[in-house]
Amino acid sequence: EYRFWGEKTFFNENISLDLIVPLYYSTDPNLDTQAKVENATPMAGQFGDLAFGLKALVWEDADQAYSAGVRVEAPTGPDFIISQSQIFGAPAFFMDAWYFTPWIGGQWTPGTNWFASGFLSYRLNSGPIGNRQSANSEVNVRQPTYLFADLAIGRWVVQREGQGGLTSLAPVVELHYTTTPTSGSQTTPGNFFFYDSGNKLGKTDYLNITAGLNGTFNDVWQF
């Protein structure tokens, strides 16, 4: 998948609008013959869900800064349809939902050595996914909402501005937490499309911890 991204700033670069256009290589989402089901046709250049957003610098001073914004994803990607009625009763997923993600973020530098940043976002959706289980049966699958919380803390152990070689170095630890305040739909276990807690569109609750190094060479090359 490739994502083409563009951003335009306004009001002394304190507010910006951005646009993300996803383009990916996949197979034909409309399976209308048995041969396509067994060996789907590769397709290049399919568009996914277009996304656009608004963000703003809310407040800043010498030691801290806070920003907020929202990301909107439009249902411009293709539906997944098996239109040959002999195959499982012509099932399909209709991807018509919009997604909205408001967020807030902050950055802090309480001294010359320590720094930290935080990010909190909540991904909402406009409604369920249409799930056609057979030619005469269609149900709406409620999607979960997602809460994301991220925190990064680091400390500069090398600061040699204006000199050659390694001019700065900081170890950084990051925490990334994801949970679903509302889980997906649940149906009876005998149903072909079964959604339950922890299965497919069900409960998500996990924490990732990462560590790394930030730094510069000759005050120019960053890593």
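**Close-up 1. Leu169 and Gly215 meet across a strand pair.** In β16, Gly215 is the bridge partner of Leu169. The model shown here, and in every view below, is a predicted one. Strand β15, which covers residues 166-182, runs antiparallel to β16, and 13 bridges join the two. Strand β16 itself covers residues 205-217. In a regular strand, the side chains alternate between the two faces of the sheet.

**Close-up 2. Ser168 sits in strand β15.** Let us look at Ser168, a residue of strand β15. Is Ser168 buried or exposed? Ser168 counts as buried because its relative accessibility is 11%, and the cut-off for buried is under 20%. Its side chain makes a polar contact of 2.6 Å with the side chain of Thr216. Setting aside residues up to four places away in sequence, Ser168 touches Trp156, Val158, Asn214, Gly215 and Thr216.

**Close-up 3. Phe217 belongs to strand β16.** Now turn to Phe217, which is part of strand β16. With a relative accessibility of 40%, Phe217 counts as partly exposed. Which residues does Phe217 touch, not counting those up to four places away in sequence? They are Gly165, Leu166, Thr167 and Phe223.

**Close-up 4. A hairpin links β16 and β17.** Follow the chain onward from Phe217 and you reach a turn. Strands β16 and β17 form a hairpin, with three residues between them. Asn218 lies in this turn and has a positive phi of about 55°. Strand β17 covers residues 221-222 and runs antiparallel to β16, with two bridges joining them. In β17, Trp221 is the bridge partner of Phe217.

**Close-up 5. The second largest pocket is lined by residues from several strands.** This pocket holds about 190 Å³ of space. It is lined by 18 residues, and the closest to its centre are Phe115, Ala116, Ser117, Val172 and Asn214. Which elements give two or more residues to the lining? They are β10 (114-125), β13 (145-155), β15 and β16. Strand β10 gives the most, with four residues. By class, the lining has eight nonpolar, nine polar and one charged residues.

**Close-up 6. Ser16 is a buried residue of strand β2.** Here we visit another serine, Ser16, which lies in strand β2 (residues 15-27). Ser16 counts as buried because its relative accessibility is 4%. A polar contact of 2.6 Å joins its side chain to that of Glu7. Leaving aside neighbours within four places in sequence, Ser16 is in contact with Glu7, Lys8, Thr9, Phe10, Gly53, Leu54 and Lys55.

**Overview. The close-ups in the setting of the whole chain.** To place these views, step back to the chain as a whole. Its secondary structure comes to one helix and 17 strands. Of the 223 residues in the chain, 28% are buried. Among contacts with a separation of 6 or more, 56% are between residues 24 or more positions apart.

Key:
Residues are numbered from 1 along each chain as its sequence is written. This is a predicted model: local features need pLDDT of at least 70, side-chain atom pairs count only at pLDDT 80 or more; totals for chains, interfaces and linings use all residues. Side-chain values use heavy atoms; hydrogens and water are left out. Buried means under 20% relative accessible area, exposed over 50%, partly exposed in between (1.4 Å probe, protein chains only). Contact means heavy atoms within 4.5 Å. Two strands pair if DSSP finds at least two bridges between them. A polar contact is a pair of N or O atoms within 3.5 Å; within protein, one must be able to donate a hydrogen and the other to accept it, and residues adjacent in sequence count only if both atoms are side-chain atoms. On a 1 Å grid over the protein atoms alone, a cavity is a set of points where a 1.4 Å probe fits but cannot get out, and a pocket is an open set with protein on both sides within 12 Å along at least five of seven lines; lining residues have an atom within 4 Å of a point. Grid points are joined across faces, edges and corners, and a volume is the space filled by probe spheres set on the points. Ala, Val, Leu, Ile, Met, Phe, Trp, Tyr, Cys and Pro count as nonpolar, Asp, Glu, Lys and Arg as charged, and the others, Gly among them, as polar.
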